[in-house]
Amino acid sequence: RIDGIIAKYLDTGRLSKEEIEFLLGLEDEADLQKLFALANKVRERFVGNEVHLRGIIEFSNYCSRACLYCGISRHNRHLSRYRMDVEEILEAAKEAVGMGFKTIVLQSGEDPFYSTSTITRLVSQIKAMDVAVTLSVGERRREDYAAWKEAGADRYLLKFETSDPDLYRRLRPGCSMAQRLQCLTYLKDLDYEVGSGIMVGLPGQTLSSMADDILLMRKLQLSMVGIGPFIPHPATPLASAQAGTASLTLKVLAVTRLMLPWANLPSTTALGSVDREGRREGLLAGANVLMLNVTPLKYRRLYEIYPAKAEVEDDPTALKAAAVELVTRLGRRVSSGYGEGPKAMGIA
Ligand code: SAM
């Protein structure tokens, strides 16, 4: 059956929900290799052999939300909380830019301590360093997103996490999926390159709901999609849940590449955290981006959204050197450009 699905895909560029579900359920090693090889070929044809490196600064682990899966949920009383001040954030950005990063990602919990104007200031000062700026600070008002766009922000990451409404409600108490999707619409209307995505292997998630997730990503015509395994954190209500596997994550990644051939898809830190070879395997199953942690080391361990996160101890120079080596070993190139997504390239 897999050969038939691949032939149809190559012919039409389409997959039905049932076909997606079938691909996500593959177990046979030879079939899996066919899926990953196809995703790798589609990646090469549509976004080429360059791998884009992004430097991510996790500037605050305060969060006003209570997501059941997340280690920095406001209910975690065992965590020391930190906030980087503007000067520290700019210093970290400057260091990353000095190392050659062409995109700086600013991420935090949902922390109202940083006002709209503070983030506006950060965006414009980092933009002045001649890099692309990606924000990932959660659900905010349309006006906030507009102000940051005006200040020069290029991209925004806001995962919808799961498209299953019941699961969403259970995992993110006090939040609504409609609101999250509304934020994604605001961002799209404001001309951001919009990134979203999911966790794979959430308790209660099914292959059918993940197929719906992929169809939603396509409907939203996302420029970037982050796909990582769910990893249970001991200080959360999901402490004893099973982690998502690298193998299922790779299947979701590969099918996402088929459905969104132009998108920028990272081989995520979470994937590298459940499997030592995860990031390499992700790059061979459709991914074309690596996000490297450039948060100052003294804070790194405290941004513990899940335990045993990869890269908590390596300084940015070592991380970059390892990434360059990995990319080169795969016969690919580290990009020297900003790594715009399809929207900026005038495609989506
Ligand atoms: N507050 C912002 C938001 O909600 O978009 C950004 C920070 S949030 C911690 C970043 C991402 O971490 C989430 O989108 C979620 O997918 C991921 N995450 C949180 N807990 C996780 C876990 N236990 N395992 C894997 N990923 C997790």
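This is a predicted model: local features need pLDDT of at least 70, side-chain atom pairs count only at pLDDT 80 or more; totals for chains, interfaces and linings use all residues.

**Helix α4 and onward**

Mentor: Start with α4: its 13 residues reach 18 Å from first C-alpha to last, close to the 18 Å expected at 1.5 Å a residue. The expected span is 1.5 Å times one less than the number of residues. Helices here are DSSP runs (H or I, at least four residues), strands are E runs of at least two, and both are numbered from the N terminus.

Trainee: OK. Which residues of α4 are buried?
Mentor: Val86, Ile89, Leu90, Ala92, Ala93 and Ala96. The arc is taken from the directions from the helix axis to the C-beta atoms. Buried means under 20% relative accessible area, exposed over 50%, partly exposed in between (1.4 Å probe, protein chains only).

Trainee: Why would spaced-out residues point the same way?
Mentor: An α-helix has 3.6 residues a turn, so residues three or four places apart point the same way.

Trainee: And what covers that buried face of α4?
Mentor: The cover includes β1, β2 (103–108) and α5 (116–127). On the other side of α4, Glu87, Lys94 and Gly98 are exposed.

Trainee: What comes after α4?
Mentor: Gly100 follows α4, with a positive phi near 105 degrees. Met99 sits in the loop between α4 and β2. Leaving aside neighbours within four places in sequence, Met99 is in contact (heavy atoms within 4.5 Å) with Pro316, Thr317 and Lys320.

Trainee: Which helix holds residues 316–329?
Mentor: That is α14, with 14 residues. At 1.5 Å a residue α14 should span 20 Å, and its end C-alpha atoms are 20 Å apart, which agrees.

Trainee: Which of its residues are buried?
Mentor: In α14 they are Pro316, Leu319, Lys320, Ala323, Leu326 and Val327. They cover an arc of only 125 degrees around the axis, which puts them on the same side of α14. Thr317 and Arg329 are exposed on the other side.

Trainee: What caps the N-terminal end of α14?
Mentor: Asp315 does, with a side-chain oxygen 2.9 Å from the backbone nitrogen of Thr317. Just after α14, Gly331 has a positive phi of about 75 degrees.

Trainee: Switching topic. How many residues surround the ligand?
Mentor: There are 19, and the closest are Tyr69, Ser108, Glu161, Arg180 and Ile231. A residue counts if one of its heavy atoms lies within 4 Å.

Trainee: Which polar atoms sit by it?
Mentor: A polar backbone atom of Ser108 is 3.1 Å from a ligand nitrogen. A polar side-chain atom of Arg180 lies 3.2 Å from a ligand oxygen. A polar backbone atom of Ile231 is 2.7 Å from a ligand nitrogen. Taken alone the ligand exposes 560 Å², and the protein buries 93% of that. Those areas come from the Shrake-Rupley method with a 1.4 Å probe.

Trainee: Back to Glu161. Where is it, and is it buried or exposed?
Mentor: Glu161 is in the loop between β4 (155–157) and α7 (165–171). At 10% relative accessibility, Glu161 counts as buried. Its phi is near 70 degrees, a positive value in a residue other than glycine. Most residues other than glycine have a negative phi.

Trainee: Last one. Where is Asp111?
Mentor: Asp111 lies in the loop between β2 and α5. Asp111 is buried, with a relative accessible area of 4%. Its side chain makes a polar contact of 2.6 Å with that of Ser60, and another of 2.7 Å with that of Arg83. A polar contact is a pair of N or O atoms within 3.5 Å; within protein, one must be able to donate a hydrogen and the other to accept it, and residues adjacent in sequence count only if both atoms are side-chain atoms.

Conventions:
Residues are numbered from 1 along each chain as its sequence is written. Side-chain values use heavy atoms; hydrogens and water are left out.
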